[in-house]
2 protein chains.
Amino acid sequence: MDELHAIIPAGGAGTRLWPLSRAGHPKFLLDLTGTGRSLLQQTADRLDGLAAGVHVVTGRAHESAVAEQLPDVEVLAEPSPRDSMPAIGLAAAIIARRDPDAIIGSFAADHVIDDIAGFTAAVREAVRVAETGKVVTIGLTPLTPSTAFGYIDGGDRLDAFATARSVNRFVEKPDLETARGYLAAGTYSWNAGMFVVRASVLLEHLARLQPTMHAGLLAIAEAWDTPGREAALAEHWPRLTSIAIDHAIAEPVSLDGGVAVVPGAFDWTDLGDFAALAAKSPSADAVWVDAAGFVASTTEQTVSVVGLDDVIVAVTPDAVLVTTRAAAQDVKAVPGRWRERGRTDLL
Amino acid sequence: MDELHAIIPAGGAGTRLWPLSRAGHPKFLLDLTGTGRSLLQQTADRLDGLAAGVHVVTGRAHESAVAEQLPDVEVLAEPSPRDSMPAIGLAAAIIARRDPDAIIGSFAADHVIDDIAGFTAAVREAVRVAETGKVVTIGLTPLTPSTAFGYIDGGDRLDAFATARSVNRFVEKPDLETARGYLAAGTYSWNAGMFVVRASVLLEHLARLQPTMHAGLLAIAEAWDTPGREAALAEHWPRLTSIAIDHAIAEPVSLDGGVAVVPGAFDWTDLGDFAALAAKSPSADAVWVDAAGFVASTTEQTVSVVGLDDVIVAVTPDAVLVTTRAAAQDVKAVPGRWRERGRTDLL
């Protein structure tokens with residue numbers, strides 16, 4: 001088995017978890033599940049033993065915080081956010097220079113997975129499939145006809161593998177009726193954005209599909225371990241197309257039969273909003289009078305709720321947020337509303 | 001016109017406005033309406049010009065705060081709370097010793113009244129009726145079939161007065177059907193607990209109906225302006241029956257035809273709970289996303305609400321309360337719940 005290098009793109013402010021998650025201390029740096037480890041640390045912990053190395057790609061603003069939380073990983077700092085393809089591509093190019101046979105796996109910084117054995121088994125299978133030259137995605141076996149995820153349309157089973165299938169196509173978040181059909185078909189997976197691929201294979205696809213980005217990333221990677229790193233970043237990074245790896249590689253390559261999916265049966269959440277957080281974490285202590293819900297707080301203030309079901313209360317030293325499980329997605333609008341009022345300190 | 005002395009019994013923690021209102025800084029000491037004046041100060045302001053003197057009866061814990069807020073009034077400190085009859089009776093006995101012809105008027109410390117002219121006219125009429133020897137209550141003309149108030153059943157109009165009626169009886173908070181009947185009859189008023197009576201008349205009723213209390217209050221009043229005040233309070237105050245003036249005087253005297261009502265058409269609220277406060281005061285600044293409601297805060301924390309109608313949020317340095325207009329009455333349960341957890345600091 002070739003060596004796996006784990007890449008963790010750690011970006012995004014997690015505005016649906018505002019005010020806990022901020023631009024300055026985003027979701028992945030927070031211990032949201034009360035385990036004593038941040039989501040990023042849990043992600044790295046999960047890959048410990050599976051991967052020969054862990055590489056976190058993050059913004060410069062978070063470089064030192066990431067290094068402090070994970071002293072044993074390599075931190076690759078992006079000069080500016082360019083979505084996931086440049087981030088993963090940069091790491092792939094750097095890793096490929098050091099180890100031409102390396103397999104890379106990309107894992108989001110904010111996933112919570114309890115079934116480590118199930119996750120490990122899926123990653124190991126994905127690595128074996130990736131050794132055959134495929135771009136491999138780990139899909140999640142759907143439990144409900146969710147309309148919150150994109151789906152992976154799985155095709156024929158791959159010979160010699162226990163669970164892997166070829167991928168027919170990636171499909172966008174469906175409506176409920178369509179989602180019910182996907183669930184019934186039994187061959188669809190939720191797209192969790194986990195990709196495993198030989199670094200050299202990824203770079204070949206990139207050379208073909210995004211040649212300018214490929215050239216830029218190679219130039220940066222060549223200079224990375226030299227005094228020329230900053231100059232190369234300054235020259236090439238601003239010119240890289242901002243695009244997700246799904247759109248840049250996975251979707252077009254799937255149409256040529258180059259993508260496989262390994263279904264993962266493990267539970268999984270990205271703690272995307274307060275409803276997800278409430279489902280995963282115990283509420284902070286509060287007084288509930290004819291009321292129920294979830295409280296998250298970083299202050300010593302007591303919280304009391306009277307006559308409201310399903311309410312969510314988040315308290316920080318500079319912000320109190322009140323919402324419901326049903327409205328949890330709409331929290332993302334709040335930071336912008338404070339920005340409009342000039343309260344950039346709250347972002 | 002004989003001189004009116006206004007008595008303001010200022011007690012009660014206002015637990016339905018917790019956490020704004022606390023045992024240590026109760027509702028009447030707070031500027032809840034954003035006018036720059038506390039409810040107590042507004043009450044005194046309203047009586048300025050109407051009354052020859054203002055006398056606030058309050059607990060010893062609040063004596064200095066009241067004196068600070070109202071430097072020109074007499075503060076009578078109760079050693080312990082004994083409900084409104086001993087409080088008003090003490091003030092009446094002290095005032096009667098100084099001015100045997102004095103008319104006293106009792107006005108709650110936490111009422112908010114915008115129509116000062118209407119209030120003033122009603123008080124002046126009540127004083128004139130009180131000069132005839134009646135116990136006079138100022139009733140509020142009902143605007144809705146409210147089940148939140150006790151009612152005054154008004155009888156015949158009194159000769160020589162513009163609006164005053166005799167009182168048939170006081171009735172408890174009715175059910176909705178009964179309240180509709182009261183509203184339709186046109187002769188019922190809301191009982192706002194405002195009484196105007198010649199001090200000597202009140203004391204005569206007290207001598208007849210509560211002779212022990214009468215004797216105790218007279219003994220304290222005799223010693224009040226002497227070095228013997230504390231000794232008299234220590235001897236008599238703990239023995240005074242804890243009873244409201246309504247039950248001790250107004251109800252029994254009404255059965256003998258001794259009570260009159262002056263209907264007041266002015267608007268009025270006792271800011272009893274957050275629903276009342278929200279109706280009277282502007283909300284503190286907040287971000288509302290698909291949401292509406294009321295925010296009161298004594299901290300610099302921002303408040304944001306997403307996806308909730310009619311929500312009420314109150315924020316203080318040690319407590320966040322979330323409720324709804326509909327559940328506002330149930331807030332009174334919250335301090336007790338924190339007390340059960342040993343958080344007496346929150347009371």
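**Contacts between chains and domains**

Author: To start, chain B and chain A have 23 residue pairs in polar contact, both residues at pLDDT 80 or more (a pair of N or O atoms within 3.5 Å; within protein, one must be able to donate a hydrogen and the other to accept it, and residues adjacent in sequence count only if both atoms are side-chain atoms). Keep in mind that this is a predicted model, where local features need pLDDT of at least 70 and side-chain atom pairs count only at pLDDT 80 or more, while totals for chains, interfaces and linings use all residues. Residues are numbered from 1 along each chain as its sequence is written, chains are lettered from A and ligands numbered from 1 in the order in which they are written, and side-chain values use heavy atoms, with hydrogens and water left out.

Reader: Which element gives the largest share of the side of chain B that touches chain A?

Author: Several elements of chain B supply at least two residues each, among them strand E12 (302-306) and helix H11 (333-340); helices (H or I, at least four residues) and strands (E, at least two) are DSSP runs, numbered from the N terminus. The largest share, six residues, comes from E14(B).

Reader: And which strand of chain A pairs with E14(B)?

Author: Pairing takes at least two bridges found by DSSP between the strands. Here there are four, in the parallel sense, and A:Val303 stands opposite B:Val320. The partner is strand E12 (residues 302-306) of chain A.

Reader: How much area do chain B and chain A bury between them?

Author: Buried area is the accessible area (1.4 Å probe) that two parts lose on being put together, summed over both. Carbon and sulfur atoms hold 59% of it here. The total is about 2,900 Å².

Reader: Which residue forms a salt bridge with B:Asp285?

Author: The rule (a side-chain nitrogen of Lys or Arg within 4 Å of a carboxyl oxygen of Asp or Glu) finds two salt bridges across this interface. In the one with B:Asp285, the closest N and O atoms are 2.8 Å apart, and the partner is A:Arg341.

Reader: Inside chain A, which residue forms a salt bridge with A:Asp318?

Author: An automatic or database domain assignment divides chain A into domain 1 (4-270) and domain 2 (281-346). With A:Asp318, the closest N and O atoms are 2.6 Å apart, and the partner is A:Arg22.
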